[in-house]
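Thanks for coming, everyone. Please take a look at the model on the screen, and then I'll walk you through it.

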Amino acid sequence: MKTEDKLLSLLPFPLELKEELVKHSEIKDVPQNTELMREGQYVKRIPIVLEGLVKVFTKHEDKELLLYYIRPQETCIVSFNSVLTNTSSKAFAQSEKDSKILLMPLEKVFQWMKEFPELNHLFFRQYNIRYSEMIQMVNKVLFDKMDKRLYEYLSTKVKIWEKDILKISHQQIANDLGTAREVVSRVLKKLEYESKLVQNQDGIKILKS
């Protein structure tokens with residue numbers, strides 16, 4: 001079985017819909033750090049991540065803020081909302097890892113939504129998940145101190161990447177958290193002093209409490 005067929009087989013769809021996806025959609029190999037969507041762009045195809053990881057974020061002036069990650073068998077609600085409302089994208093998307101992404105054409109998506117309730121279930125399930133994540137994100141920004149936000153962010157990264165040591169710059173962290181690099185550097189030193197992590201030339205290692 002080809003890799004693409006194996007990945008498609010994992011989607012929670014009936015065989016008939018999977019056959020339609022193979023026939024009318026495109027599976028694209030996307031290198032790490034590839035821009036997939038820009039704010040203000042009109043969406044023409046709706047993605048489902050088959051393999052890898054995509055991050056969705058917003059920008060204001062020179063700062064970024066991570067909104068959520070799209071994992072395998074998940075789709076992008078920002079894209080879906082843009083299609084439903086016929087408006088441009090309100091966020092950016094970029095591949096966090098080398099990824100395989102299924103790109104579904106708009107005209108077929110609307111047809112499939114009428115014929116296959118499983119596709120509707122995917123979209124509405126994602127809406128529920130993203131809504132909960134956005135509420136949590138807003139609460140963290142408003143009420144959590146930066147040291148807690150930063151530690152939880154790094155812990156999530158460790159789980160996503162399945163690596164003990166994170167190769168990530170202070171600027172990348174600052175971009176995702178919507179803050180300044182100097183703030184990140186200062187808080188990392190504080191967390192290191194509290195024995196919650198270790199920094200060296202190999203990267204950042206979270207220490208288990």
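One term before we start. Buried means under 20% relative accessible area, exposed means over 50%, and partly exposed is in between. Keep that cut-off in mind for Ser-88. Its relative accessible area is 18%, so Ser-88 counts as buried. Note also that what you see is a predicted model.

Let me stay with Ser-88 for a moment. It sits in the loop between α3 (77-85) and β7 (92-95). What does Ser-88 touch, leaving aside residues up to four places away in sequence? The list is Gly-40, Gln-41, Tyr-42 and Ser-82.

Now the whole chain. There are eight helices and eleven strands. The radius of gyration is 19 Å, close to the 17 Å that the globule rule gives for 209 residues, so the chain is as compact as a globular protein of that length. Along the principal axes, the C-alpha trace spans about 55 × 40 × 25 Å. Of the 209 residues, 43% count as buried. The accessible surface comes to about 12,100 Å². Carbon and sulfur atoms account for 52% of that surface.

Contacts next. Take those between residues at least 6 apart in sequence. Of these, 71% join residues at least 24 apart.

Here is one distance to go with that. Leu-15 and Arg-130 are 115 residues apart along the chain. Their C-alpha atoms are separated by 27 Å. Leu-15 itself belongs to helix α2, residues 15-24. Is Leu-15 buried or exposed? It is exposed, because its relative accessible area is 59%.

On to helix α6, residues 146-161. It has 16 residues. From its first C-alpha to its last it reaches 22 Å, close to the 22 Å expected at 1.5 Å a residue. Several α6 residues are buried, among them Met-146, Leu-150, Tyr-153, Leu-154 and Lys-157. As a reminder, an α-helix has 3.6 residues a turn, so residues three or four places apart point the same way. With that in mind, look at Leu-150 and Leu-154, which are both on the buried list.

Most residues other than glycine have a negative phi. Gln-73 is not a glycine, yet its phi is about 70°. Gln-73 lies in the loop between β5 (63-70) and β6 (74-75). At 33% relative accessible area, Gln-73 is partly exposed. Then Ser-195, where phi is near 60°. Its loop runs between α8 (181-193) and β10 (197-200). Ser-195 is exposed, with a relative accessible area of 51%.

Salt bridges now. How many does the structure hold? It holds 14.

Start with Glu-35 and Arg-38. Their side chains meet at 2.8 Å, N to O. Glu-35 is partly exposed at 43%. Arg-38 is also partly exposed, at 41%.

Second, Asp-176 and Lys-55. This salt bridge is again 2.8 Å, N to O. Asp-176 lies in helix α7 (residues 170-177) and Lys-55 in strand β4 (residues 54-60), so the pair ties together parts that are 121 residues apart in sequence. Both partners are buried. Which network do they belong to? Salt bridges link Lys-55, Glu-96, Lys-157 and Asp-176. You have met Lys-157 already, as one of the buried residues of α6.

Third, Glu-194 and Lys-190. The closest N and O atoms are 2.7 Å apart. Glu-194 is partly exposed at 34% relative accessibility. Lys-190 is partly exposed too, at 37%.

Last stop, the surface. Val-138, Val-141, Leu-142 and Phe-143 form a nonpolar patch there. Together they have about 400 Å² of accessible area. Look at Val-141 within it. This residue is placed in helix α5, residues 117-143. Val-141 is partly exposed, because its relative accessible area is 37%.

One is buried Ser-88 in its loop between α3 and β7. Another is the salt-bridge network of Lys-55, Glu-96, Lys-157 and Asp-176. Over to you for questions.

Terms used
Residues numbered from 1 in each chain as written. Predicted model: local features only at pLDDT ≥ 70, side-chain atom pairs only at ≥ 80, totals over all residues. Heavy atoms only, no water. Patch = residues over 30% accessible without salt bridge, like charges linked within 9 Å, V, L, I, M, F, W, Y side chains within 5 Å. Areas by Shrake-Rupley, 256 points an atom, 1.4 Å probe, with all protein chains shown as cover. Salt bridge = Lys/Arg side-chain N within 4 Å of Asp/Glu carboxyl O. Helix = DSSP H or I, 4+ residues; strand = E, 2+ residues; numbered from the N terminus. Buried < 20%, exposed > 50% of the residue type's maximum accessible area, 1.4 Å probe, protein only. Rg over C-alpha atoms; globule rule 2.2 N^0.38 Å. Contact = heavy atoms within 4.5 Å. Expected span 1.5 Å × (residues − 1).
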